[in-house]
Amino acid sequence: MTVTAKARTLGELLQTEGYAGRAPFDGKIRLVQDEVRENLTRKLRSGEELFPGVVGYDDTVIPQLVNALLARQNFILLGLRGQAKSRILRAITDLLDPEVPVIAGVDMPDDVLNPVGAEGRALLEAHGLDLPIRWLPRADRYVEKLATPDVTVADLVGDVDPIKAARLGTSLGDVRSMHFGLLPRANRGIFAVNELADLSPKVQVALFNILQEGDVQIKGYPIRLELDVMLVFSANPEDYTARGKIVTPLKDRIGSEIRTHYPTDVRLGMDITAQEAARAEGVIVPPFIAELIEEIAFQAREDGRVDKLSGVSQRLPISLMEVAAANAERRSLMAGDAPVVRVSDVYAGLPAITGKMELEYEGELKGADNVARDVIRKAAGAVYARHYGSANTRDLEKWFEAGNVFRFPQGGDSAAALKAAGEVPGLTDLTAEVAASSDDAVRVSAAEFILEGLYGRKKLSRAEELYAAPEAETRQQRGGRWN
């Protein structure tokens, strides 16, 4: 018999490959950490991808994470919001076996050869080799809890159930009278706590007791729970300190402390955003616009008006990409033009930016919308300078300095917009270089990006869609020490 034949009793299971010769309580128990280690070792040898969808951590986070898993350690991921902490924790589920056998008929998943619960032990003693089993898929072996201050020991571990005690005729201190919480129900699996430091000290001490001794006190009754569970956590690094909200003995018992981070390179960030952002089929995002959207997140993280301790989530460029693409699609549906994302669509995505930034006092005074617009300007200037900073735009600048203004067309007729852009000297030629495409809609997007890039470098000024010469003070600075 093989495991795929779905053994239904312990006797049938012991005849399957991998279980033959094993008997209950013979000491050959394979814990969850052992299971994860074995599957991880196999994947490392075969060169399989360990954590699909996790980008930018190949040389930093993943090696440390692999070391912790090979060492059979519980660990914590420390990082600001939007750094893929939860995604990594959930991805560890793929290192579990596809299915494992557990005792049927009990609330807490219990190993058929080494039950830790009173019900499981009683069933094994009563049925022996006829013990009924069920198969638990890996998806059901991951339990996650977002920590909040109101989470109690009863929520995570359990509570005494007087009705159950009366029905069974047991004392309140008997483990059989307990109603199990999330952690015991994660037995034979992985239990994740997000934002660990937000748990109250009392709950943290309960976790510490389980990590250290495998026991816990429920309303004054010591309860022994030698659970077979891998505990993994995440937290904000500012909270996870002696000055923060973490109980030091719990901190000391967690095996590895692994720091996550935001993408270190714009290209990596673009890969993440392209992977995660959902947009309608057919919407075109030119490379310079995709880079602009990603650069906005990088500029926001460096802006002094944005709270560094809160961070700027990677969800900012993802949400912004989705909203900008939706605005381009809306314009296309109304005017019939090709749905190509422009700079104006990025400005239409301001709600996706302001909701992702926590502002300092100076930023609050200026207003979230104004800060977001300023960040877009800086990002456009940075992307333009990175690729086209050496382009000759002197004739274009002189045209604006002569008092001319240009309102970029916002309608859906790309041919008309491109013709209008021809009024600005040199803009059409530079557009062809930036767009690298003969498509009118893409060239229109490139033309608006060029003007926005020059605005970002303070060579032009901007009021809504109207571009003009820079302010007098800016011109004076450029003519002086800036050039």
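Modeller: Ala-192 stands opposite Val-232 in β10. This is a predicted model: local features need pLDDT of at least 70, side-chain atom pairs count only at pLDDT 80 or more, and totals for chains, interfaces and linings use all residues. Residues are numbered from 1 along each chain as its sequence is written, and side-chain values use heavy atoms, with hydrogens and water left out.

Strand β7 (residues 189-194) runs parallel to β10, joined by five bridges. Strands (E, at least two residues) and helices (H or I, at least four) are DSSP runs, numbered from the N terminus. Two strands pair if DSSP finds at least two bridges between them. Strand β1 (residues 75-78) is also parallel to β10, through four bridges. There, Leu-78 stands opposite Ala-235.

Seven of the seven residues of β10 (residues 229-235) are buried. Buried means under 20% relative accessible area, exposed over 50%, partly exposed in between (1.4 Å probe, protein chains only). In a regular strand the side chains alternate between the two faces of the sheet. Val-229, Leu-231, Phe-233 and Ala-235 are on one side of β10. Met-230, Val-232 and Ser-234 are on the other, and both faces are covered.

Next, the cores. The largest nonpolar core has 69 residues, and Ile-289, Ile-353 and Phe-400 are among those with the most contacts inside it. Such a core is a set of buried Ala, Val, Leu, Ile, Met, Phe, Trp, Tyr and Cys residues joined through side-chain atoms within 4.5 Å. Helix α21 (residues 440-456) gives the most to this core, with 10 residues. A second, separate core has 36 residues, including Val-116, Val-151, Ala-186 and Leu-227.
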